[in-house]
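This briefing concerns the secondary-structure packing of one protein chain. Please consult the sequence and the model while reading.

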Amino acid sequence: MSDVETRSFRTLFISDIHLGSKPAKAEFLIDFLRQHQAETIYLVGDIVDGWRLRRSWHWPQSHNDVVQKLLRQARKGVKVIYIAGNHDEFLRSFQGEHFGGVVVADRAIHEGCDGRRYLVIHGDQFDGIVHNIRWLAYLGDKAYDTAIVVNRVVAFIRHRFGLSYWSFSSWAKVKVKRAVNFISAFQDIVAEEARRHEVDGIICGHIHHAAIETINGVRYINTGDWVESCTAVAEHFDGRFEILTWAKVTPARQEDEAKIAVLRPAAAA
């Protein structure tokens, strides 16, 4: 790990980790954070899954390690901003508060190094099901759990055959027509919200579908999640935005480590 070069960015945007739930891929995120650093980190909602923690307590050491890793970043001078989501909506009562150097907010305005302004918000505010039909949202949450179980089985089989990580649940979601229509409608609504705030773009999470698109002249950026696709969004120092995928980073890192292992004996000689 120490021999692998750490990538540095101006800003990292991470959402939908769902710590406290069994599907959360905390180990993957820790691995990702070891290889990526930034001057500012936005946690764009659903970092802690209060819904599941109320049903049953699940908090393994790896979930605590993620929290400690982020708090250490804040202590080292990284600006960490926690945008509350619907699964961690209890934090919306603490807007403006600081916890271990982490600032809690409901939304924020991020100014890119190129001067463009972005509204950073979780996105559940624009999901009518979450706010208007609460019981259906919880039912959908349970169905989502089932899809994640299937995802684990597929991932295990692929691992046994030496194949890279691939998300069945993420693939199924975008293949279902109604899901595709929902994603499209969600993107249109949040783009309109950006126009209402007179900003150049919007950065959100919530629907677990990473994307960087231009919608009716508005930059739409979604960070994805850390239960299915394991993605984050990075802002480079030249103002470019990029989707970072853990499953793509890892094979490259493993290849580098293999090269290092081969070169070491020769270097020692």
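The model is predicted: local features require pLDDT of at least 70, side-chain atom pairs count only at pLDDT 80 or more, and totals for chains, interfaces and linings use all residues. Residues are numbered from 1 along each chain as its sequence is written, and side-chain values use heavy atoms, with hydrogens and water left out. Helices (H or I, at least four residues) and strands (E, at least two) are DSSP runs numbered from the N terminus. Two strands are said to pair if DSSP finds at least two bridges between them.

**The seven-stranded sheet**

- Seven strands make up an open sheet of mixed pairing, in the order β4-β5-β3-β2-β1-β11-β12.
- Its edge strands, β4 (98-99) and β12 (241-245), each pair on one side only.
- Seven bridges connect β1 (residues 7-14) with β2 (residues 36-44), and the two strands pair in the parallel sense.
- Within this pairing, T11 has T40 of β2 as its bridge partner.
- Helix α1 packs on the sheet and touches β1, β2, β11 (231-235) and β12; contact here means heavy atoms within 4.5 Å.
- The direction of α1 makes about 140° with that of β2, where angles run from 0 to 180 degrees between N-to-C directions and axes are lines fitted to C-alpha atoms, for helices over the stretch in contact.

**Helix α1 and its packing on α3**

- Helix α1 (residues 26-35) packs with helix α3 (residues 61-75) at an angle of about 25°, and their axes lie 8 Å apart.
- The two helices therefore count as roughly parallel, a term for angles under 35 degrees.
- The crossing of α1 past α3 is left-handed, that is, the near helix is turned anticlockwise from the far one by less than a right angle.
- On the α1 side the contact is made by A26, E27, L29, I30, L33 and R34, and on the α3 side by S62, H63, D65, V66, K69 and L70.
- By class, this contact holds six nonpolar, two polar and four charged residues; Ala, Val, Leu, Ile, Met, Phe, Trp, Tyr, Cys and Pro count as nonpolar, Asp, Glu, Lys and Arg as charged, and the others, Gly among them, as polar.
- Seven of the ten residues of α1 are buried, meaning under 20% relative accessible area with a 1.4 Å probe and protein chains only.
- These buried residues are A26, L29, I30, D31, F32, L33 and Q35.

**The five-stranded sheet**

- Five strands form a second open sheet, ordered β6-β7-β8-β10-β9, also with mixed pairing.
- β6 (107-111) and β9 (211-215) stand at the edges with a single partner strand each, so one side of each has no neighbour in the sheet.
- From one strand to the next, the twist averages 20°.
- β7 (residues 117-121) and β8 (residues 201-204) run parallel and are joined by three bridges, with L119 opposite I202 in β8.

**Strand β10 and its partners**

- All five residues of β10 (residues 218-222) are buried: V218, Y220 and N222 on one side, R219 and I221 on the other.
- β8 and β10 run parallel, joined by four bridges, and I203 stands opposite I221 in β10.
- β9 and β10 run antiparallel, joined by five bridges, and A211 stands opposite N222 in β10.
- The hairpin of β9 and β10 has two residues between the strands, and N216 takes a positive phi near 50° there.

Note on methods: Angles under 35 degrees count as roughly parallel, over 145 as roughly antiparallel, 65 to 115 as roughly perpendicular and the rest as oblique. Buried means under 20% relative accessible area, exposed over 50%, partly exposed in between (1.4 Å probe, protein chains only).
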